[in-house]
Amino acid sequence: MNHPNTLAPALQAGFILGLGRYSPNVETARRRWFHRGLLLAIAWALIATGSVTALSATLLGLVIWIWLSATPYRAGLYSVLTVGTVAALVAVGYTTLSELFFTITGRDAHLSGRDVLWSRVLSIGMESPLWGHGYGAFWYPDRGLELVRTWNPSQSHNAYLDVFLDLGVVGFGLVVLALFGSLANGWLTRRSARGSDERTQMAAVRAMALSLLLGTAFSESFLLRVDKLPFFVLLWATLLVSPPRSQRATG
């Protein structure tokens, strides 16, 4: 049986992108119900994988999509609710929230040894913080086992940490700037009017990309890895939302 993190990211991307297909102004009732059924089927399959990472990232993407595609009034209301929620979470405290999260999910508080792995990989990355160890130069067979002694990972299970390890601060900055910069520039150029079908569709693409960058990336390493599906769909989304050359020229 494959690891759940193999299938779950595909379901995560499919569910969030599927939100952009909802066009109540043009679709018939039968097509709307069929569309909702497909989304429910994907959601059920995602839950069945048991991947807390993908489930959390999907929930984050759903929130982002709702906020980006909402009407001005609802967007303002969501912003107020977001600020209030964040303030409440800060008041509760990180320790209490983390204990509650691990109790609800039934997961190990040490993230299956990830906390040990992250700290050791970070310390190695700091040996060459400016330029890194070179792309793909660090992970070789059994290196992960040497670091944590409990399992044999072939990555740090943190996309940003691996980019820093490979390319240092310079490469890390360029990668982050390229990805987030493209998403931000494309949104400012092609965001369309709130309530339009194009707005709903583009919001879904961006929400999917951000769910990977702000959720999945903190538990799985996939940036610059051409054999990873999350990186493929992230590149596809970045290219799709980038403004046409004519719009960039008139900027």
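# Loops, cores and salt bridges in a predicted all-helix model

User: Is His157 buried or exposed?

Analyst: The cut-off for buried is under 20% relative accessible area. His157 has a relative accessible area of 9%, so His157 is buried.

User: Which side chain makes a polar contact with that of His157?

Analyst: Leaving aside neighbours within four places in sequence, His157 is in contact with residues including Arg114, Trp118, Trp151 and Glu220. Between side chains, a polar contact of 3.0 Å joins His157 to Glu220.

User: How many helices and strands does the protein have?

Analyst: Along the sequence the pattern reads α-α-α-α-α-α-α-α-α-α-α. The secondary structure comes to 11 helices and 0 strands.

User: What share of the contacts with a separation of 6 or more comes from residues 24 or more positions apart?

Analyst: The protein has 251 residues, of which 38% count as buried. Among contacts with a separation of 6 or more, the share from residues 24 or more positions apart is 71%.

User: Which element gives the most residues to the largest nonpolar core?

Analyst: The largest nonpolar core has 33 residues, and Met208, Leu213, Phe222, Leu223 and Leu234 touch the most other members. Elements that give two or more residues to this core are α1 (4-19), α3 (52-69), α8, α9 and α10. With 10 residues, the element that gives the most is α9.

User: How many residues are in the other core, the one that includes Leu117 and Phe164?

Analyst: This core lies apart from the largest one. Leu147 and Leu161 are also among its members, and the core has 10 residues.

User: Which residues is Phe222 in contact with, leaving aside its neighbours within four places in sequence?

Analyst: Phe222 is one of the core residues that touch the most other members. Leaving aside neighbours within four places in sequence, Phe222 is in contact with Ala159, Leu212, Thr216, Ala217, Lys228, Pro230, Phe231 and Leu234.

User: What is the relative accessible area of Ser211?

Analyst: Ser211 lies in helix α9. Leaving aside neighbours within four places in sequence, Ser211 is in contact with Gln12, Ile16, Ala57, Gly61 and Thr216. Ser211 is buried, and its relative accessible area is 0%.

User: Why are Arg143 and Glu146 separated by about one helical turn?

Analyst: Arg143 forms a salt bridge with Glu146, with the closest N and O atoms 3.9 Å apart. Arg143 counts as buried at 16% relative accessibility, whereas Glu146 counts as partly exposed at 40%. The separation is about one helical turn because the two are 3 residues apart in helix α7.

User: How many residues apart in sequence are the parts tied together by Arg225 and Asp162?

Analyst: The search of the whole structure finds 2 salt bridges. In one of them the side chains of Arg225 and Asp162 meet, at 3.2 Å from N to O. Arg225 lies in the loop between α9 and α10 and Asp162 in helix α8, so the pair ties together parts whose separation in sequence is 63 residues.

User: What is the phi of Asp142?

Analyst: Most residues other than glycine have a negative phi. Asp142 lies in the loop between α6 (114-125) and α7, and is partly exposed, with a relative accessible area of 44%. Asp142 is not a glycine, yet its phi is positive, near 75 degrees.

User: Where is Leu224, a residue with a positive phi although it is not a glycine?

Analyst: The phi of Leu224 is about 70 degrees. Leu224 is partly exposed, with a relative accessible area of 25%. Its place is in the loop between α9 and α10 (229-241).

User: What accessible area do Leu130, Trp131, Val170 and Leu174 have together?

Analyst: Leu130 lies in the loop between α6 and α7 and is partly exposed, with a relative accessible area of 47%. With Trp131, Val170 and Leu174, Leu130 forms a nonpolar patch on the surface. Together the four have an accessible area of about 430 Å².

User: What distance separates the C-alpha atoms of Ser196 and Thr71?

Analyst: Ser196 lies in the loop between α8 and α9 (197-214) and counts as partly exposed at 23% relative accessibility. Ser196 and Thr71 are 125 residues apart along the chain, and their C-alpha atoms are separated by 9.7 Å.

Technical notes: Residues are numbered from 1 along each chain as its sequence is written. This is a predicted model: local features need pLDDT of at least 70, side-chain atom pairs count only at pLDDT 80 or more; totals for chains, interfaces and linings use all residues. Side-chain values use heavy atoms; hydrogens and water are left out. Buried means under 20% relative accessible area, exposed over 50%, partly exposed in between (1.4 Å probe, protein chains only). A polar contact is a pair of N or O atoms within 3.5 Å; within protein, one must be able to donate a hydrogen and the other to accept it, and residues adjacent in sequence count only if both atoms are side-chain atoms. Contact means heavy atoms within 4.5 Å. Helices (H or I, at least four residues) and strands (E, at least two) are DSSP runs, numbered from the N terminus. Patches are made of residues with over 30% relative accessible area and no salt bridge: like charges are joined within 9 Å, nonpolar side chains (Val, Leu, Ile, Met, Phe, Trp, Tyr) within 5 Å. Accessible areas come from the Shrake-Rupley method with a 1.4 Å probe; for residues, only the protein chains shown count as cover. A nonpolar core is a set of buried Ala, Val, Leu, Ile, Met, Phe, Trp, Tyr and Cys residues joined through side-chain atoms within 4.5 Å.
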